[in-house]
Amino acid sequence: MILDFTFAANRQTIHITAPQVDLALQVRNLVGYHLASKQIISIGDTSAEMKANAPAFWEKNHAKITFLHPFDFTEKHPDTGAYEPLIAARLVQWYADHAFRRIDRRSFKRMLLSPWVDRVDYHLELADFDALPPATRQQFVRHLKKLLVAARHVQINGQTVIGKPPAAKSNQMK
């Protein structure tokens, strides 16, 4: 199966769709992550919401957690003063993995063949992505190459950055 995965983000929200697996989500463009390991801890929750939902975890770890809007390309990391492409790439990866796991693999044969036949076409629509310096955009693409599962091809704002563009669908009748 070729899974069409669309990830559209602007400064406020992220929209994720994968029609083949009936996935359509909208979340706040906000993540909380561990400063040292850069592992994402919360998606879409503010620090106040995280504190309310997991008070024991918050009390123990709040000094090690920072929050940022990963697809607000003008926002700088509070400690380094630079944009964090790894956090943005990890967020795309997390939702792509979520979509990929939803592929129906009920038969044993289907489970065995999945690593060889299931691929993902990633369509990223990132508002203001071109505002990033070229080196930072390249760094984001490098992180995507390392993190994305079963990528057949990746487009950012219509430009192919990984793989070959999918063949145009023919309108001819067969």
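The largest pocket of this predicted model holds about 210 Å³ of space. A pocket is an open set of points on a 1 Å grid over the protein atoms alone, with protein on both sides within 12 Å along at least five of seven lines. The volume is the space filled by probe spheres set on the points, which are joined across faces, edges and corners; the probe is 1.4 Å.

Local features here need pLDDT of at least 70 and side-chain atom pairs count only at pLDDT 80 or more, while totals for chains, interfaces and linings use all residues. Residues are numbered from 1 along each chain as its sequence is written, and side-chain values use heavy atoms, with hydrogens and water left out.

**The pocket lining**

Select Phe 129, Asp 130, Pro 134, Arg 137, Gln 138, Val 141, Ile 156, Asn 157, Gln 159 and Val 161, which line the largest pocket; lining residues have an atom within 4 Å of a point. By type, this lining has 5 nonpolar, 3 polar and 2 charged residues (Ala, Val, Leu, Ile, Met, Phe, Trp, Tyr, Cys and Pro count as nonpolar, Asp, Glu, Lys and Arg as charged, and the others, Gly among them, as polar). Helix H5 gives the largest share of the lining, 4 residues. Both H5 and E9 supply at least two residues. Helices (H or I, at least four residues) and strands (E, at least two) are DSSP runs, numbered from the N terminus.

Next, select strand E7 (residues 119-126) and strand E8 (residues 151-156), which run parallel and are joined by 5 bridges; strands pair if DSSP finds at least two bridges between them. From E7 the chain passes through H5 (residues 134-147) to E8 in a right-handed β-α-β crossover, meaning that the path runs clockwise from the first strand over the helix to the second when the strands point away from the viewer.

Gln 155 in E8 is the bridge partner of His 123, and Thr 160 in E9 is a bridge partner of Gln 155. E9 (residues 159-163) runs antiparallel to E8, with 4 bridges. Their hairpin has 2 residues between the strands, and Asn 157 in the turn has a positive phi of about 50°. Asn 157 also belongs to the pocket lining.

Finally, select E1 (residues 2-9) and E2 (residues 13-18), an antiparallel pair with 4 bridges.
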